[in-house]
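Here is a short briefing to read alongside the structure. Please have your viewer open, and let's walk through it topic by topic.

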Amino acid sequence: MALLLAGCAGQYQTRGEALRRDQGTPRILLMPMDVELSELSPGGTEVPNGDWTHAGMRNIETAATAFLNGRGARLVAYVPPPADSAESHDDGQLVALDEVLGGHIKSQQEAPTQQIPTKGARFDWSLGPAAVALGKRYAADYALFVHVKDSYMGVGRMVYAVVAFSVLGVYDSGGHQRGSASLVDLSNGNVVWHHAFSRNSGDLREAGVAAESVRLLLNGLPR
Amino acid sequence: MISRRHFTRGLGAGLVCGVSGCVTTQANQPDVPPGYRPTDADEVGLLRVFDRMEEKLKKSALHLKTPALTAYLKDMCCRMAAPYCPDIRVYVVRNPEFNASMASNGMMQVHTGFLLWCANESQVAAVLGHELGHYLRRHSINRRRDIVGKRDAAAFLGLTGLASIPGMSEAAQTLIFYSVQAYSREHESESDAVGIRLMARGGYDPVEAARVWERMIAVQRQAGNDPTYTKQQIFSSTHPLEAERMGALYGLARGLGPPKDPPPAGLMEHVRPLRGMMLDDQVKSGDDKTTEALLGTILRDNPDDVGMVHFHMGEMYRRRQNTSDLGLALASYQWALASDGAPPETHRSMGLVLRKLGRQGDAMDSFRTYLRLRPDADDRDVVQRYLAEG
């Protein structure tokens with residue numbers, strides 16, 4: 001039980017800034033999402049499921065739109081630039097950089113041995129000035145980066161879990177949902193908010209229940 | 001994927017295999033139809049994983065945007081498997097390791113190191129044909145299903161109480177591992193057989209498929225690596241023994257016979273602009289024994305740009321920072337300058353070596369020649385300081 005609790009939502013971090021509203025409703029650009037939904041095979045292997053992943057991405061976008069509307073902000077859809085363009089390359093680098101940065105933020109928070117010594121507890125990460133050009137292109141104030149992996153038991157895994165519990169007394173909590181998101185200020189590239197979480201519940205496949213996962217993902221997002 | 005395990009170390013061989021489609025099914029499975037799009041959820045899921053990898057690869061600094069070379073490799077694929085031409089996308093990846101890979105979404109990655117190893121276009125075609133074989137026989141998804149299926153079986157077996165017998169669980173894990181690797185080797189052999197037929201269809205000389213391995217075995221022997229596996233590796237490797245592959249391919253090549261017309265021979269022309277970088281990457285791989293053997297083989301087999309190859313051989317000796325190698329480095333630079341294709345950097349490196357050998361006057365001459373030939377050199381300031389110090 002302790003393990004279950006420990007596996008719950010992590011703590012979000014912010015710069016403590018509110019969303020800028022001097023130009024009207026804040027526009028938040030949803031960057032290309034890194035999402036993968038898998039089925040747990042009877043043996044516990046995560047098998048990526050294309051249909052679920054597709055539905056999951058759509059559900060995240062819908063739920064995030066509603067969530068931000070409720071906060072008086074607007075979600076802006078990302079329109080991919082031509083594949084070979086400089087913009088496409090730069091955007092890809094920003095997404096990759098955000099992923100790397102997310103790893104550092106996580107280890108700074110959770111792994112004392114891997115911390116950057118001069119950083120301390122300060123939350124002052126940045127994607128740098130390259131993010132400014134992105135903001136101008138989309139007339140957006142912020143960019144939202146999303147990384148989510150989720151897995152769900154297939155029928156075979158459920159049968160296995162029931163038998164394993166009754167025969168061996170081993171409890172299997174099923175799928176594993178984990179993810180992170182960050183909000184980047186496109187006027188300067190600063191990461192203003194970051195949240196990573198991991199738990200053994202939640203479902204992104206169905207539009208109705210996906211909103212609960214998205215609310216968790218966006219926990220602590222500046223108002 | 002073509003390489004043997006030895007050449008994939010550091011790449012995370014297992015992951016790369018699962019991901020890059022090192023694998024397949026029993027022989028005689030039909031080829032996928034051209035334009036194939038999977039419908040099964042697990043295959044669609046895997047395809048999406050590859051699509052995401054491809055998006056990242058496109059933007060990676062290691063993906064070389066070399067339109068001429070990429071188009072040349074793509075044309076080779078189209079020549080061998082015309083109906084699949086629209087389904088295949090070729091990426092040249094900067095990596096000194098001998099390797100190429102194919103994913104089930106049509107993403108083919110060709111390492112620069114592999115292009116350096118090949119003696120002619122038919123040898124390149126042999127490996128591209130092999131990779132197309134992985135694609136045609138859907139090895140990615142079949143390997144994935146094989147792994148998942150075997151783990152599932154083991155999980156249920158564990159419920160029967162067998163797992164409580166000491167050592168049984170470990171034994172099961174080991175068995176799964178060997179079984180999965182054996183399946184992978186089956187795929188490699190199948191791809192070899194498919195690939196050599198594609199080669200012949202494309203007008204290439206099938207015997208070169210065997211010579212790729214012959215060359216690799218020869219270079220490894222020369223480098224002091226034993227190109228045979230230990231008994232244990234015979235079961236654990238994802239790829240069949242090179243000598244075994246070579247023998248099987250020689251057999252298949254005999255059956256197919258030589259091409260009617262001389263096979264296309266455009267490799268050197270297309271690789272030349274990148275050759276300096278490829279040789280530099282090979283030297284910097286740090287595997288000096290292989291570098292020495294490979295560059296020696298290239299010098300013996302390939303009369304083009306000999307000066308450039310000698311220069312990089314010299315760089316390998318010089319970089320060791322070992323006094324006894326300075327003579328070898330100097331000799332290599334002298335060979336380079338006496339041949340075609342030596343870059344101006346040969347003079348700079350020769351100057352550095354002469355300086356270490358205490359031949360200040362000769363060193364200064366070399367530095368001056370370097371700056372005359374390369375007035376806009378990046379390291380001009382450093383070289384000028386050497387000149388000022390005398």
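This is a predicted model: local features need pLDDT of at least 70, side-chain atom pairs count only at pLDDT 80 or more; totals for chains, interfaces and linings use all residues.

**Salt bridges**

- One salt bridge is made by the side chains of Arg52(B) and Glu36(A), at 3.5 Å from N to O. This pair joins two chains, because Arg52(B) lies in helix α3 (residues 41-59) of chain B and Glu36(A) in strand β3 (residues 34-40) of chain A. Here helices (H or I, at least four residues) and strands (E, at least two) are DSSP runs, numbered from the N terminus.
- Arg52(B) is partly exposed at a relative accessible area of 29%, whereas Glu36(A) counts as buried at 13%. The cut-offs are under 20% relative accessible area for buried, over 50% for exposed, and partly exposed in between (1.4 Å probe, protein chains only).
- Within chain B, Asp304(B) and Arg272(B) form a salt bridge with an N to O distance of 3.3 Å. These two residues link distant parts of the chain, 32 residues apart: Asp304(B) sits in the loop between α13 (288-301) and α14 (306-319), and Arg272(B) in helix α12 (residues 267-284).
- Both partners are partly exposed, Asp304(B) with a relative accessible area of 24% and Arg272(B) with 36%.
- Arg348(B) and Glu315(B) form another salt bridge, with their closest N and O atoms 4.0 Å apart. Since Arg348(B) belongs to helix α16 (residues 345-356) of chain B and Glu315(B) to helix α14 of chain B, the pair ties together parts that are 33 residues apart in sequence.
- Arg348(B) is buried at 16% relative accessibility, and Glu315(B) is buried at 10%.
- A network of salt bridges links Asp40(B), Asp42(B), Glu43(B), Arg138(B) and Arg145(B).

- Strand β4 (residues 107-111) of chain B is largely enclosed by the rest of the structure, because five of its five residues are buried.
- Which way do the residues of β4(B) point? Met107(B), Gln109(B) and His111(B) point one way and Met108(B) and Val110(B) the other, and all are buried.
- Strand β2 (residues 89-93) of chain B runs parallel to β4(B), and five bridges join them; strands count as paired if DSSP finds at least two bridges between them. Opposite Val110(B) in β4(B) stands Val92(B).
- Strand β3 (residues 100-102) of chain B pairs with β4(B) in the antiparallel sense, over three bridges. Ser101(B) has Gln109(B) as its bridge partner in β4(B).
- The hairpin of β3(B) and β4(B) has four residues between the strands, and Gly106(B) takes a positive phi near 100° there.

**Around Glu208(B)**

- Glu208(B) is placed in helix α9 (residues 207-222) of chain B, and at 9% relative accessibility Glu208(B) counts as buried.
- The side chain of Glu208(B) makes a polar contact of 3.2 Å with the side chain of Asn120(B). A polar contact is a pair of N or O atoms within 3.5 Å; within protein, one must be able to donate a hydrogen and the other to accept it, and residues adjacent in sequence count only if both atoms are side-chain atoms.
- Leaving aside neighbours within four places in sequence, Glu208(B) is in contact (heavy atoms within 4.5 Å) with Asn120(B), Ser122(B), Gln123(B) and Met199(B).

**Chain A as a whole**

- Chain A has six helices and eight strands, and from the N terminus on its elements run α-β-β-β-β-α-β-α-α-β-α-β-β-α.
- The C-alpha atoms of chain A fill a box of roughly 60 × 40 × 35 Å along the principal axes.
- Of the 223 residues in chain A, 48% are buried.

Terms used: Residues are numbered from 1 along each chain as its sequence is written. Chains are lettered from A and ligands numbered from 1 in the order in which they are written. Side-chain values use heavy atoms; hydrogens and water are left out.
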